[in-house]
Amino acid sequence: MDNDVEIKKYPSQRELIIKKHRTSFFTLSIFLLFLLFRIPLLTVTMSNSDAWRWHTRSIKFLNGIKSGDFKETYQRYHPGVTLMWLTSAVNIGYKYSTKILNLEYRTLENTDGFLIIDTSCKALLITVQLIVLIIIYKYIKNIFGRYQGLIFTALVSSEIYLVGIGVWYHLTSLEAFFAFASLLSILNWRNNRKNKDIILSGVFSALAVLTKFSSALVILFIPLIIYITLRKDNKSKLFKYNLLFLSVILISVFILFPALWVDPLYVIRKIWEAGANAVAGEYGSVYFAEYNPHLFYIFILLLKLSPFTLVLFIFSLLGIRKEIRFETKTIIYYLFANLFLLLISEQKIERYIIAVLLPILLICSLYIWKTKLFVKHVVLLLFVIVNILLYITYWPFPSLYYSPVFGGIRFAKDIGILDTNGEYFSQSALELNKKGRDINVFVPGDTHTFSPYFKGKYTINPNDTYQYAVISHNSRTYQGIIPQCEEEEKTYSLDKQPLVTIYKCQ
């Protein structure tokens, strides 16, 4: 017997089990990071500028379903159907839970009722985003690898602006997550050719479009991917898969949008007309966009990416410039197609940049994976630490994050790009509630973010009689003269910059 022969040692069953548990624990920890960054923000009272509108639309949506007036489920051209379904579920659950627990049911118009409904809706939106993120992780794991998926999840969980917008009661995050899941689903199909992935891609595309019509871009990408994949096969397969994909979209949209059951032409016409009018441009809040419309989203991207992510993204683009893999190229094309549409669009609203953050973070993840093991650990640790520090700095409103590398909130205000969306107006309302119900407050802007929390009277007319005024200090600060309101009662600041002030009036 040759003693020099090397005997290969295989891991024991116990070692395999320990390794499996460690991997599962690490994976669970990454997803818990997503919740750890977001759950504390549910304790903060704040509504973004459109929250009240979508709450009231959702009530009309639910009433339309209950009464059988399905045409009433068309509320807005966005069309926001997924958000209204989720909100309806919260409203039904809240109403029945108060009956079961024998508690007083408070309506949306009641401050306490609004807080319960709004917070519950935000919690549900976070849950939906987490579920979609788990699905996205599984797709990335199948397409690129487990650890690439985990790196992506860690980046998404902690990226500061993504966290801030992710806890809003709004359409933006839902749209971005659904659209990206649809794209990755079709890329996964490209590798396994399973009908299940085509169907899921169609469902996610439908959910994205039902959330916000601008996500229709992904529907243009997917038939192109199917064509590139099957162009060398027979035409019957190409027709079959495209038909399956488009059929799933049409069926899903039809089922989930009751207004289409009774008057599809009315819905299509309203969406088309309102969508055409929507390109008129929205510059009221950001003067920078009026004078530099084609640079707006470039500046927003620079200001909203965390400093570490910005550097990482630049290195990632340089590092994968010679990438030949189809899936990676598709992610890059999807990123720049979204960015191009933003650049040429007339609407300039900073939260729309969320559409490109997910592909940016995936590109960064793929680049990180190619580095050495030690570098991987250092980069991930630094990424999370940097975002934790930014999270603490911009608490309780990470949605107001502007990169400190470029001067933070002060720089954004100086160039006319600072756009607040109701931050600190709820705090102002709750503070003024301590004065009693008999006061009248002048609120020239952001009334929808103030009124749900305020129990007194308010006015938007500067000629009325009022005892207090609540003024925002962003790029659209009220320019009128209020000589009778010179005494500062309280000022709310973030990043050492005043954002909202309560003035006492004579």
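Let me begin with K490, which is partly exposed, its relative accessible area being 34%. Please keep in mind throughout that what we are looking at is a predicted model. K490 forms a salt bridge with E431, and the closest N and O atoms of that pair are 3.8 Å apart. Since K490 sits in strand β4 and E431 in helix α20, which covers residues 425-433, the pair ties together parts that are 59 residues apart in sequence. E431, for its part, has 19% relative accessibility and therefore counts as buried, because the cut-off for that word is under 20%.

Now, how many salt bridges does the count come to? The count comes to 12 salt bridges, and I would like to pick out two further examples.

One of them is the bridge between the side chains of D50 and R351, at 3.4 Å from N to O. This pair links distant parts of the chain, with D50 in the loop between α1 and α2 and R351 in the loop between α16 and α17, 301 residues apart. R351 has a relative accessible area of 7%, so it is buried.

The other is the bridge from D118 to K122, whose closest N and O atoms are 3.1 Å apart. Because these two residues are 4 apart in helix α4, residues 111-143, about one helical turn separates them. Both D118 and K122 are buried.

A polar atom of the N387 side chain lies 2.9 Å from the backbone oxygen of F383. Setting aside residues up to four places away in sequence, N387 touches F37, S158, E159, I160 and S306.

S88 gives us another case, this time in helix α3, and at 2% relative accessibility S88 also counts as buried. The side chain of S88 reaches the backbone oxygen of M84 at 2.7 Å, and, apart from neighbours within four places in sequence, S88 is in contact with S58, F61 and L62.

Helix α3, residues 81-100, also holds I92, which at 35% relative accessibility is counted as partly exposed. Together with Y96, I100, L101 and L103, I92 forms a nonpolar patch on the surface, with about 560 Å² of accessible area in total.

For a helix with several buried residues, consider α14, residues 296-304, where F296, Y297, I300, L301, L303 and K304 are buried. The cover over these residues includes α6, α13, α16, α17 and α19.

Finally, I would point to P40, in the loop between α1 and α2, which is partly exposed at 29% relative accessibility. P40 and P396 are 356 residues apart along the chain, yet their C-alpha atoms are separated by 9.0 Å. Beyond the residues up to four places away in sequence, P40 touches L35, Y391 and W395.

Technical notes: Residues numbered from 1 in each chain as written. Predicted model: local features only at pLDDT ≥ 70, side-chain atom pairs only at ≥ 80, totals over all residues. Heavy atoms only, no water. Patch = residues over 30% accessible without salt bridge, like charges linked within 9 Å, V, L, I, M, F, W, Y side chains within 5 Å. Areas by Shrake-Rupley, 256 points an atom, 1.4 Å probe, with all protein chains shown as cover. Salt bridge = Lys/Arg side-chain N within 4 Å of Asp/Glu carboxyl O. Buried < 20%, exposed > 50% of the residue type's maximum accessible area, 1.4 Å probe, protein only. Polar contact = N/O pair within 3.5 Å; in protein donor to acceptor, adjacent residues only side chain to side chain. Contact = heavy atoms within 4.5 Å.
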